[in-house]
Amino acid sequence: MSDTVYNEEYDDGFKAFFEEVKKNPQYDYKKIEKAYNLARDAHKNQRRRSGEPYIMHPVAVAKILFSFGMDNECIIGALLHDVVEDTEYNIDYIKREFGDEVALLVDGVTKLGQIPLSTREEVQAENIRKMFIAMNEDIRVIIIKLCDRLHNMRTAKFWPEYKQREKSLETLEIYAPIAHRLGIRPIKEELEDLAIYYLDPIAYKEIEKNLSMKKEQGEKFLKDITQQISDKITPVMDHVQITSRVKSVHGIFRKVYIKGKNFEQIFDIYAVRIIVDSMIDCYNALGIVHDMFQPIPGRFKDYISMPKPNMYQSLHTTVLSKSGIPFEIQIRTWEMHRTAEYGIAAHWKYKLGKGGKDRMDNQLEWVHRILEAGNETENAEELVQNIKGDLSVEEVYVFTPRGDVKSLPKGSTVIDFAYAIHSEVGNKMVGAKVNGKIVNLDYQVKTGEIVEILTSNQQGKGPSRDWLNIVKTGESRSKIRSWFKKEKREENIINGRNEVERELKRNFIRLDSEQYEKFLKRIAQRQHFEEIDDFYAAVGYGGIQITRLMPGIKDEYNRNWKPKETAPPKPVLNIEENTSSKNSNGVVVEGIDNCLIKMARCCSPVPGEPIIGFINRGTGLTVHRRDCVNVPADISLSSEPERWVKCHWDGNVEVEARSTIDVYAIDRDGVVLDITTKMANAHVKIHSINARPINEGNCLTTMTVSVNSKEHLESILKLLRKVDGVYHIERSGG
């Protein structure tokens with residue numbers, strides 16, 4: 001490395017890494033050294049949030065990829081992945097110096113970060129769409145991106161709190177499931193654990209505490225179990241490796257905080273892995289451990305005869321030790337183990353030989369399906385939700401009558417199964433049989449079932465609009481809408497027009513016929529439609545949900561189309577420089593004396609939250625939360641800044657406020673009872689409660705409760721999150 005000069009002030013990690021690279025003949029170490037020198041020079045004046053030189057990040061990403069055995073171009077692409085985006089070097093320069101493959105990888109990773117769109121939903125949707133397009137072109141792009149996200153999450157302590165939560169949620173919903181689908185277990189598990197650390201630090205520490213309390217007992221237990229199994233298996237099999245581990249924090253979090261189990265109810269906190277030479281040895285080893293320990297019924301899974309879509313193969317069984325402690329045993333061959341650990345990366349680390357490319361293409365079939373479904377989706381928010389659903393980590397494996405296996409997200413119906421076979425099968429579906437028996441169309445398929453789809457070629461037959469509320473996958477939803485889009489345009493236009501007119505009337509938007517046409521033309525163009533009928537058709541077949549557009553439509557109407565009203569004279573208020581008003585609500589208003597004060601219903605502020613007042617003409621002053629959607633971020637830029645006044649809570653007055661909470665949960669028997677019981681046990685006064693089903697088997701419970709402080713409200717929200725099936729809570733209006 002004669003031309004590589006290191007900065008003695010810091011160790012960026014490359015020197016030791018490069019020594020490892022040179023030992024492996026798979027790598028062109030001179031090109032890797034050249035890429036490092038370019039990256040170090042390009043980033044020489046840049047620093048990370050931690051204050052460290054920026055070069056440490058691309059080196060760290062390259063080291064992670066190296067540990068997974070990724071190829072030469074991938075390592076070079078990692079070293080250069082931020083050069084084009086952040087420095088003066090362009091992609092043509094990279095292509096000249098390092099070749100087309102490296103340029104494709106760098107360009108693919110760079111494009112994922114360049115998305116200038118208007119809303120957060122659009123940004124996330126376009127980000128995800130570009131990610132899948134890049135994966136479709138070269139899967140190594142997303143593998144670099146996964147390692148990039150992993151290193152960023154490892155150093156997330158230097159981010160502001162809001163960014164920690166935002167990136168952690170994205171990691172949990174998008175990146176970790178992609179790592180799971182690609183079969184790269186170590187990245188998936190570490191991403192999940194890091195995300196939970198920032199999203200719910202209290203739960204994370206509680207799980208860590210429980211694990212540490214069991215650490216000494218667990219280590220002794222696993223050591224004894226491993227020795228017992230070794231004593232029985234090693235005399236009859238060669239090249240056996242037996243290891244043990246404790247379940248990941250996220251795995252425990254899902255079961256304790258999402259599925260509502262007690263820590264003691266989790267059967268697979270402890271796990272033993274047995275690696276053997278052949279498939280026959282796997283089943284022999286299974287027989288030995290079932291002879292040694294009592295198997296727990298319903299806890300055996302054979303992923304060898306029925307592999308997961310990410311090529312994962314293994315035997316899983318849960319057994320009871322002689323002391324009554326449950327633990328999981330995984331049994332696999334060495335080749336299965338490499339695939340389980342490295343997933344698609346095993347294509348580069350261990351050459352798959354004949355048929356290897358076919359295996360990889362099969363593994364990436366889900367990428368093509370998600371891309372195809374995304375092309376049929378016009379609503380950005382819906383695209384994000386579809387992909388999150390289709391990336392669901394929990395899957396079921398269902399057989400066709402001919403023995404083919406289809407994998408679907410857990411909760412999928414027989415309609416989803418039909419569309420997974422082919423669009424035409426779904427469109428012509430009239431019924432379904434599961435294990436030979438007729439079932440309803442909303443029947444949710446389970447692993448191991450044989451599903452037969454009944455079809456009809458009758459003219460005019462097709463899917464029902466009601467199916468959109470039944471299906472689970474975005475792929476099915478997109479194919480159903482695509483059918484209505486192509487086959488029922490006139491009907492869609494009529495339905496869409498009626499739905500739009502109904503929503504406009506409901507929101508008091510009144511315009512004469514000439515203005516109405518111009519107004520709708522403007523709304524249609526904002527949704528990228530040239531003609532109003534195209535917009536109506538999209539609403540009619542469900543490609544656009546008009547209710548989701550209404551906030552933007554109302555804003556457009558109020559700003560540019562609403563008839564101007566003659567403003568009444570401004571109220572005369574007794575405002576003095578050094579006076580303030582104390583109200584029975586416990587609010588102190590700066591500069592105003594003897595003014596009627598009321599709480600804003602849109603955000604329902606509670607004691608302890610930052611607040612601000614708005615002077616209403618003739619009706620006194622309304623107090624809002626400072627972060628309310630109706631309060632401008634910058635008061636000085638509002639249309640009437642003089643009507644906003646400072647106020648704060650009076651710490652000497654104990655106040656009871658009302659707060660309205662929306663609780664989103666899985667629609668199961670007793671969920672509302674569980675919510676009200678939690679509130680009653682905590683002595684929380686409920687003023688009103690309303691529960692109703694919403695889309696896809698979920699329900700929304702809206703209730704107004706009494707709270708006396710911000711801390712009291714947070715404790716109520718924390719209690720609600722512990723109710724089985726509750727997955728999202730938000731304050732109404734704010």
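# Sheets, a covered helix and a serine

Visitor: What's the strand order in the open sheet of 4 strands?

Guide: The order is β19-β20-β18-β21, and the pairing is antiparallel. Strands are DSSP E runs of at least two residues and helices are H or I runs of at least four, numbered from the N terminus; two strands pair if DSSP finds at least two bridges between them.

Visitor: Which strands stand at the edges?

Guide: β19 (686-693) and β21 (726-731) do, and each has a single partner strand, so one side of each has no neighbour in the sheet. From one strand to the next, the twist averages 20°. Angles here run from 0 to 180 degrees between N-to-C directions, with axes as lines fitted to C-alpha atoms, for helices over the stretch in contact.

Visitor: Before I go on, where do these values come from?

Guide: This is a predicted model, so local features need pLDDT of at least 70 and side-chain atom pairs count only at pLDDT 80 or more, while totals for chains, interfaces and linings use all residues. Numbering starts from 1 along each chain as its sequence is written, and side-chain values use heavy atoms, with hydrogens and water left out.

Visitor: Ok, back to the sheet. How many bridges join β19 to β20?

Guide: There are 7, with β20 covering residues 698-707 and the two strands running antiparallel.

Visitor: Which helix lies across β18, β20 and β21?

Guide: That's α29 (residues 710-721), and it runs at about 150° to β20. The β18 strand covers 657-666.

Visitor: What about the open sheet of 3 strands, what's the order there?

Guide: β10-β9-β11, with antiparallel pairing. The edges are β10 (437-439) and β11 (451-455); each has a single partner strand, so one side of each is left without a neighbour in the sheet. The twist averages 35° from one strand to the next.

Visitor: Switching to α26: how many of its residues are buried?

Guide: 8 of its 10, so taking buried as under 20% relative accessible area, exposed as over 50% and partly exposed as in between (1.4 Å probe, protein chains only), helix α26 (residues 532-541) is mostly covered. Among the buried ones are I532, F535, Y536 and Y541.

Visitor: What do the buried residues of α26 pack against?

Guide: Four helices are listed: α23 (474-487), α24 (489-506), α25 (513-526) and α27 (546-560). After α26 comes G542, with a positive phi near 95°.

Visitor: One more spot, S314. Where is it found?

Guide: In the loop between β4 (301-302) and β5 (315-320). S314 counts as buried because its relative accessibility is 0%.

Visitor: What does S314 touch?

Guide: Leaving aside residues up to four places away in sequence, S314 touches K301, D302, Y303, I304, Q330, I331 and R332, where contact means heavy atoms within 4.5 Å. The side chains of S314 and R332 are also joined by a polar contact of 3.4 Å. That term means a pair of N or O atoms within 3.5 Å; within protein, one must be able to donate a hydrogen and the other to accept it, and residues adjacent in sequence count only if both atoms are side-chain atoms.

Visitor: And how many helices and strands in the protein?

Guide: 29 helices and 21 strands. Of the 734 residues, 49% are buried. Among contacts with a separation of 6 or more, 65% come from residues 24 or more positions apart.
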